[in-house]
Amino acid sequence: MSASSSLSDLKLIGDSVSIGDVIREIVRTGPYEDPVHVLDLDDVVQKHRNWLRKMPRVTPFYAVKCNDDSRILQTLHALGTGFDCASKGELERVLSLGVRPESIIFAQPAKSLASLLYARSKQVQTMTFDGALELEKIHRHYPDARLVLRIRHDSAKVRVTLGKKFGCDPVKDAPELLRRARALRMSVVGISFHVGSDCSEAEVYHEAVKVASGLFEYARSIGYGLTLLDVGGGFPGDKPLDPYATAINAALHQYFPPETNVRIMAEPGRYYAASAVTLVTFVDSKRVETEAAADGTEASVMHYYLNDGVFGSFFCTAHEGQVSVPIVTHKTASAQHRSMVWGPTCDPMDLILSDVRLPELEIGDSVVFENVGAYGQVLACRFNGFSLPKVVAYLREGTWNILQELIRSSPTSKTQIADPDGKLLVSHQSYTPSVETTLSI
């Protein structure tokens, strides 16, 4: 049976059903031809609640590039987030959901002319730049744009460093660019930075905010009154937000207290998406080799071939060093074997785990991986003719009812509030996924 045979847009589950129950049911009814992404939209909602509680002054603009599944975008739009778009395609995607242009930042410092003209046609005004030629291009084709100067402030402890590609030097280049923008009579409204993807150094945000505050002062000296600070992304999705919130809140208190009336935003992607998706794969094939052990005996080496690989959900494992931890069913008294876990393609680079200890698996057994929601889907391709992972989204009925109640009572409200019981109240006019209450896929 193919996993695509009865997929629906969204499946409602009872409040007492855990996402673990869902995964166990998928495993029980498998194997499936294609890998399955189990999308837990309640996890996205809880992440948003946590963000509002920990960083109430920082408005999240979700980085669409991280995971552009329409149900994630719909849910976040319902929750009142903004969106960080980096291409014409992403702009089209979020605008089609009814997102207002003022809720979008075109956070692409190297925009194509076509995408710039499209942004102008849709009145998406807020956008980043980091160089003189980009500034002049925007001045020529979209003089009414509201510009955010992106500076470079890299963390040394990130999965991906972005400063090699984007961001001007805040000391050597930023003042000159502000002067040039002033001479062109362009509207510069703020400063942004991005410390790098999946940052593990929370304190770097404090120093970056300090650097940005100095540019706010300089901009004021040449006639600008900046009103926006964008602290970028880099927030992990599988670790506590607390240290990042502590560093950012302290920096804002010191350099941008509320009385400054500076709007604070961020561009989280991985934070919202990573833990929301669990991957269920199945063993398509198996090969057993023997090797000499240290004591002179022979030991088995297991080669497992899954129906997903580095050309699918594991791009970041292969190219960015992201750790993938396999979860398998442990059979009674089963021995652990040295194992190599491969993807399904004919490419020998399609290696997920090169040396891991696992109990012996059989063809058709499941292997589950958590935290694959960030980039696991958007970077996948159809190399060798293999299908993309099938995404099945789940939402608890209680969350759905809260959404629907707010839609009915306040269909035009975009306010984020919480009731006395701590439930997040959200509203949106067009949050209308199809409803299905079974766990079958």
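Predicted model: local features only at pLDDT ≥ 70, side-chain atom pairs only at ≥ 80, totals over all residues.

Let's begin with the helices. Two packed helices are described by the angle between their axes and the distance between the axes. Take α2, which covers residues 41–54, and α3, which covers residues 70–79: their axes come within 10 Å and cross at roughly 35°. As for handedness, the crossing of α2 past α3 is right-handed. On the α2 side, the contact is built from L41, V44, V45 and H48, while α3 brings in R71, I72, T75, L76 and L79. Sorted by class, this contact of α2 with α3 has six nonpolar residues, two polar ones and one charged.

If you want to find the contact on screen, pick out Y205, H206, V209, K210 and S213 in α8. Facing them from α9 are Y244, A247, I248, A250, A251, L252, Q254 and Y255. That contact of α8 with α9 splits into nine nonpolar, three polar and one charged residues.

Now for the empty space. Rolling a probe the size of a water molecule over the atoms shows where empty space is left. How many cavities of 30 Å³ or more does a search of the whole structure find? The search turns up one. The largest cavity holds about 70 Å³ of space. It has 13 lining residues, and those closest to its centre are D308, F311, G312, P344 and F386. Go through the lining of this largest cavity by class and you get six nonpolar, five polar and two charged residues.

Then there's the largest pocket, with a volume of about 640 Å³. Which residues lie nearest the centre of the largest pocket? They are K65, V160, L162, S197 and Y375, out of the 29 residues that line the pocket. The lining of the largest pocket divides into 14 nonpolar, seven polar and eight charged residues.

Methods:
Residues numbered from 1 in each chain as written. Heavy atoms only, no water. 1 Å grid on protein atoms, 1.4 Å probe; cavity = no way out; pocket = protein on both sides within 12 Å on 5 of 7 lines; lining within 4 Å. Points joined across faces, edges and corners; volume = space filled by probe spheres on them. Nonpolar A, V, L, I, M, F, W, Y, C, P; charged D, E, K, R; others polar. Axes fitted to C-alpha atoms, helices over the stretch in contact; angles between N-to-C directions. Helix = DSSP H or I, 4+ residues; strand = E, 2+ residues; numbered from the N terminus. Left-handed = near helix turned anticlockwise from the far one by under 90°. Contact = heavy atoms within 4.5 Å.
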